[in-house]
Amino acid sequence: MSTFSFIEDTTWQCVGCNQPLQPTKVNVTYLNSLFTVELMACPHCGFILVPESLAVGKMLEVEQLLEDK
Amino acid sequence: MDQLQLREFEARCIQEEQPFCTAACPLHVDVRPFMASLAKGDVRGARRVLDRTLPFPEIIGRLCEQPCRPSCKRGEIGDPLAFGNLERYCVSNSTAVLTLPKLPAKGGSIAVIGGGFSAMTAALDLGRKGRNVTLITEAAGLGGTLGTYSETALPQETLAQAASLLERYGVTLQFATSLAENSIAALITEYDAVYFDLDEIEPHRLPPNAGQPDPITLALSCDGCFAAGGIAPGTSAYSVIKQADDGRRAALTIERYLQKVSLTAQREMEGSRTTRMYTVITGMEPAAEITAADPKAGYTAAEAGQEASRCIQCECMECVKQCAYLREYKEYPKTLARKIYNNQAIVQGTRNANKMINACSLCGQCTVICPNDIPVPELCRVTRQDMVRSGHMPPSPHDFALEDMRFSLSEYCTLTRHQPGTSVSRFLFYPGCQLAGSAPEAVTSTYQLLGTQLDGGVGLMLGCCGIPAHWAGQKDLFTKTINDFKTAIKQMGNPTVITACSSCLSIFKEFADTLTVTSLWEVLDGLELPTFSDRSPEESFTLHDPCTARHQETLRASVRSLCAKLGLQIKEHDFNGPLADCCGYGGLMQFANQPLGKKAALVKAARSEHDGLAYCAMCRDNLAAAGSRVAHLLDYIFPSAETGDPLARKNPGFSQRHENRARLRQELLTTLWQEQAGSLPEHTSIRLLISQEVLDLLNSRHILEEDIQKVILRAEQTGIHLVNPNNNHRLARFKPVRVTYWVEYEPTDQGYVIHNGYSHRMLLPEGQQ
């Protein structure tokens, strides 16, 4: 499966690790479907950022598609 | 829903029934598009309609006796349409637009004996079906009685055109052929089927054993022989449309005869008939017939357009006219049911109708309006139940409402007590979760009044009747909820339950019918109301009956009686009482389709230009959210200087409702029963500072303040969150149950300022929730 990339420059930093976020491949799942996507995450602790635009945009769209499968 | 149930459901919807004119027409001309085309000056479009249905439109179009005219609905508000004149206008001003195909030849030889119009029609229909047809007449040409019409009424060239049309479909024409007794007998032997046109062949020339033609099949007693046409028995006048009807019916019988299938099965739709169509003409302006200025010349284009414009395009759509849901999805019950059936039949693939199924308010207005009482809401609700059972119910439409219900039934909101200082309850006040959430102070005041005036002890129960689970198709959850309620009532000694919510009342009446339940309004109507000098506003109100009071006539009467006692002037409108609209909450519409929920509220609000008065807390709040000035009836029974203008009270929103319920329980418990209320969960101590703009955003995204508090509590306790060094905002997330909430916030001395909140259901990798 191809990897969808949602990396974008961000001013958010991981407070615990004091690290800027970096593009990272992660597996997200919903209702028995798995997607490999590229998101910004802390290179040290792995905290993944889901930006608002993704949550209310593409992610919501895919969630609703999967719910109707 | 199985296929049989679908068929039964579909059969009850009459929207697709033929309009009155089309049903009355023996050939069932599709009159509505014919009129619509003429109305916009599209003569070719109108001609296309005639070409599709009529044999020889040039002939029928000029001579049709318009048997449809008496059944025209326009006749009830003005004159019936001038069908005949419009047909004549159409065929006189157009040439054929459509040539129906000739099917591949299939064998079978038919002799059509006689040259009248029924013979011509039978020959044409059978020729189109690919049969070998020979039309034999003693006359020198086609037409029979048609030959007696004047050139003005029927130009002779139309008969010549008809002859060439028949030949184009492969019909052999034999004119001036002797039809003596022995030649007829020979034809019967030679051909597989023989049709006698009685316009030319007198009955005594039929075969000796012919008998009378069967009225349905037109079959004679002798095998393979059929007869019709001419002047109908018992009538004296020749009718062109009757000839066409006979010819078409005979052709169909002969086709079936050659295929060796039943001649009689399913023929009830043929010929002139009645229809179940239901068209309401109330409010339509009467309009008289447009007559041609020069009757000899017939209609001008303008006159024809004006006359055709009088067609009211008969249809039913009565439910759709009023229902925001059916309008939104552009369905009427028959098409809706089919989509639901198809959606449920999908094994692999996208179930496109899920959202539609979940968006119906289940309010029942359509069923009351429908002349056949079609139960659309029940279909939608039962389908939801099936979806839950089969694991195909999407989680997102109902999750929020069901969580809301769980909260109302949690230890933080529920309370069951006898009246302070008593140990028995003759009555029990059940305000319902939404009144407790919307106007907790009204619950307190009402309880005080009931406790003071009713004898025998008035207990109190705070909770939720379970209707969200019922609407969501969550049968198990609903059954458990209603059973728990029944058990609790029994433990209270079976008091008479007094509920302020008509949804609760409808649920209890249907699912807890062993209990004694009444509405608060009926009880208050029998009590002495508190007296206040300034409680009667001068202006008139429109009273908004809730959809769940549709079948609660006594309740509605009590509300009106109370209004009269309070000096509130009520203006009624047509969509109240049994026809009341839903405010958008019913059936969890506003959760499955948020914009539609808002539209529904706007429709309800727009029924009247007066300020609104509701007695359902959800109606009150949804109408307020839609921008209406609307009060709750209890606002005028217990007016309070503190709450300000009851008409201007804002929709509290989901978070405030939660808080109101929890706080109501705490207050009642401590003030009335002198009991310690249990402590609230830790996250409730997180102090939030939220602007109205962000609050509205969170409400629309179904994010509660307590969700925000949980996120912040977790982030601050663990130190796991992001930070924006430019403004020191923090971004954190938490997944309490199924939904992951993200909050952008900023700690200040006064509390946490909330800048944004959003959520998703998709799961991040393990350990990242």
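A residue counts as buried here if 20 or more other C-beta atoms lie within 10 Å of its own. I start with that cut-off, and I keep in mind that this is a predicted model.

**Entry 1: helix α28 of chain B**

I went through helix α28 (residues 617-625) of chain B residue by residue. How many of the nine residues are buried? Nine of the nine are, so α28(B) is largely enclosed by the rest of the structure. For my list, the buried residues are Ala617(B), Met618(B), Cys619(B), Arg620(B), Asp621(B), Asn622(B), Leu623(B), Ala624(B) and Ala625(B). I note that the charged names Arg620(B) and Asp621(B) are on that list too.

Next I looked up what covers these residues. The cover includes two helices of chain B, α19 (433-438) and α27 (594-605). It also includes the strands β11 (540-544), β13 (611-614) and β14 (630-632) of chain B. Just after α28(B), I found Gly627(B) with a positive phi of about 95°.

**Entry 2: Leu63 of chain B**

Leu63(B) is found in helix α5 (residues 57-63) of chain B. Is Leu63(B) buried or exposed? I find 22 C-beta neighbours inside 10 Å, and therefore Leu63(B) counts as buried. I then set aside the neighbours within four places in sequence and looked at what remains in contact with Leu63(B): Tyr149(B), Ala153(B), Leu154(B) and Val240(B). I also took the distance from Leu63(B) to Lys321(B): the two are 258 residues apart in sequence and 38 Å apart in space, C-alpha to C-alpha.

I took α4 (residues 43-53) and α6 (residues 83-92) of chain B as one pair. Their axes come within 9 Å and cross at roughly 105°. That angle is why I call α4(B) and α6(B) roughly perpendicular to each other. On the α4(B) side the contact is made by Val43(B), Ala46(B), Arg47(B) and Leu50(B), and on the α6(B) side by Glu87(B), Cys90(B) and Val91(B). By class, the contact of α4(B) with α6(B) has five nonpolar residues, two charged and no polar.

The other pair I checked is α3 (residues 31-39) and α11 (residues 301-309) of chain B. Here the axes come within 7 Å and cross at roughly 135°. α3(B) and α11(B) are therefore oblique to each other, and their crossing is left-handed. Met35(B), Leu38(B) and Ala39(B) of α3(B) meet Ala304(B), Gly305(B), Ala308(B) and Ser309(B) of α11(B). This contact of α3(B) with α11(B) has five nonpolar residues, two polar and no charged.

**Entry 3: chain A by itself**

Then I turned to chain A. Chain A holds five strands and two helices, in the order β-β-β-β-β-α-α from the N terminus on. The C-alpha trace of chain A spans about 40 × 20 × 20 Å along its principal axes. Of the 69 residues in chain A, 23% are buried. Among contacts in chain A with a separation of 6 or more, 49% are between residues 24 or more positions apart.

How do the strands of chain A line up in the open sheet? Three of them take the order β1-β5-β4, with mixed pairing. β1 (4-5) and β4 of chain A stand at the edges with a single partner strand each, so one side of each is left without a neighbour in the sheet.

I looked at β4(A) and β5(A) in detail. β4(A) runs antiparallel to strand β5 (residues 33-41) of chain A, and nine bridges join them. Val28(A) has Phe35(A) as its bridge partner in β5(A), and Gln22(A) stands opposite Ala41(A). The two strands β4(A) and β5(A) form a hairpin with two residues between them, and Leu31(A) in the turn has a positive phi of about 45°.

**Entry 4: where chain A meets chain B**

Here I counted both sides: 24 residues of chain A are in contact with 27 residues of chain B. On the chain A side, β2 (13-14), β4 (22-30), α1 (52-56) and α2 (58-67) each supply at least two residues. Which element of chain A gives the most? It is β4(A), with five residues. The side of chain A that touches chain B has 14 nonpolar, five polar and five charged residues.

Last, I checked strand pairing between the chains. β2(A) pairs with strand β16 (residues 722-724) of chain B in the antiparallel sense, over two bridges. Within this pairing I noted Cys14(A), which stands opposite Leu722(B) in β16(B).

Notes: Residues numbered from 1 in each chain as written. Chains lettered and ligands numbered in written order. Predicted model: local features only at pLDDT ≥ 70, side-chain atom pairs only at ≥ 80, totals over all residues. Axes fitted to C-alpha atoms, helices over the stretch in contact; angles between N-to-C directions. Helix = DSSP H or I, 4+ residues; strand = E, 2+ residues; numbered from the N terminus. Parallel < 35°, antiparallel > 145°, perpendicular 65-115°, else oblique. Contact = placed C-beta atoms within 7 Å. Buried ≥ 20, exposed ≤ 12 C-beta atoms within 10 Å, placed from the backbone. Left-handed = near helix turned anticlockwise from the far one by under 90°. Pairing = 2+ DSSP bridges.
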